[in-house]
Amino acid sequence: MNQPELPATKQRILDAAERRFAERGFAATSLRSITAAAGVNLAAVNYHFRSKEALLEAVFARRLAPLNQKRLELLDACEARARKGPLPLEAVIEAFFAPVLRLGGELAQGGRYFQRLMGRMYAEPGEHVGSILKGQFAAVAARFTKALRKALPKLPPVELMWRIHFMIGAMAHTLAGVHYLEVFSGGLCDPSDVEGTIRRLGAFLAAGLKAPPAARRAPRSHK
């Protein structure tokens with residue numbers, strides 16, 4: 001996924017902001033720390049982006065536009081192969097999360113910072129972050145929700161939405177919680193094995209999505 005050419009100063013600001021937001025979160029990152037990392041003055045940030053909120057939006061837009069395009073291309077291919085038959089669940093799931101996990105290899109260090117940033121923003125959402133994510137993902141979410149309904153036609157709609165929520169949570173933790181895996185596995189698991197991670201996460205999510213709906217518990221009687 002090739003990135004569009006940007007003016008050098010704007011590129012440095014975006015790279016520095018992506019790194020600082022990933023490391024510290026949006027609220028804890030000051031514009032001064034970004035300008036120091038980028039080697040520019042505050043006027044340059046104000047000229048190109050106007051505000052910290054607009055800068056965060058630009059950081060997401062730079063990465064998510066090609067990422068979402070790749071997701072939709074994979075989903076289009078999946079639907080074309082299925083024709084009018086049932087959609088294969090595993091292929092739909094992989095089309096959604098695999099492009100994110102492959103970013104690290106495709107964009108080198110910048111991809112790894114953005115992966116961490118995505119995981120952090122899902123885990124630490126704020127009002128502004130939520131509006132950015134909603135705007136960037138609205139069309140993609142609609143397409144994948146429709147595809148998952150076709151892949152799981154017997155699953156009640158409310159159960160499907162819960163499971164999509166859990167699926168996104170698992171992806172966010174996979175992106176942001178790499179250090180936990182390294183600690184808890186004692187080196188047994190290799191987070192740099194991207195294709196292995198994709199296979200394991202895909203199998204885990206498919207099993208959860210295909211599981212029977214949870215049985216309702218009878219209310220407790222109070223005596």
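Mentor: Let us begin with E195, which is partly exposed, at a relative accessible area of 37%; buried means under 20%, exposed over 50% and partly exposed in between, with a 1.4 Å probe and protein chains only. The model is predicted, so local features need a pLDDT of at least 70 and side-chain atom pairs count only at 80 or more, while totals for chains, interfaces and linings use all residues. Residues are numbered from 1 along each chain as its sequence is written, and side-chain values use heavy atoms, without hydrogens or water.

The side chain of E195 forms a salt bridge with that of R102, with an N to O distance of 2.9 Å; the term stands for a side-chain nitrogen of Lys or Arg within 4 Å of a carboxyl oxygen of Asp or Glu. Because R102 lies in the loop between helix 5 and helix 6 whereas E195 belongs to helix 10, the pair ties together parts that are 93 residues apart in sequence. Helices here are DSSP runs (H or I, at least four residues), numbered from the N terminus.

R102 is itself partly exposed, with a relative accessible area of 25%. Its side chain also meets that of E94 in a salt bridge, at 3.7 Å from N to O, and E94 is partly exposed at 35%. In general, side chains of opposite charge can pair when their charged atoms come close. By the rule given above, eleven salt bridges are counted.

Confidence deserves attention in this region. The pLDDT (the predictor's confidence in each residue, from 0 to 100) has a mean of 86 over the protein, and 90% of the residues reach 70 or more. Helix 10, residues 194–210, has the highest mean, 95, whereas helix 6, residues 103–123, has the lowest, 74.

A contrasting pair is found in helix 8. The side chains of E159 and R163 form a salt bridge of 4.0 Å, N to O; because they are four residues apart in that helix, about one helical turn separates them. E159 is partly exposed, with a relative accessible area of 22%, but R163 is buried, at 9%.

Elsewhere, D15, E18, R62 and R63 are linked in a network of salt bridges.

Note on methods. Helix = DSSP H or I, 4+ residues; strand = E, 2+ residues; numbered from the N terminus.
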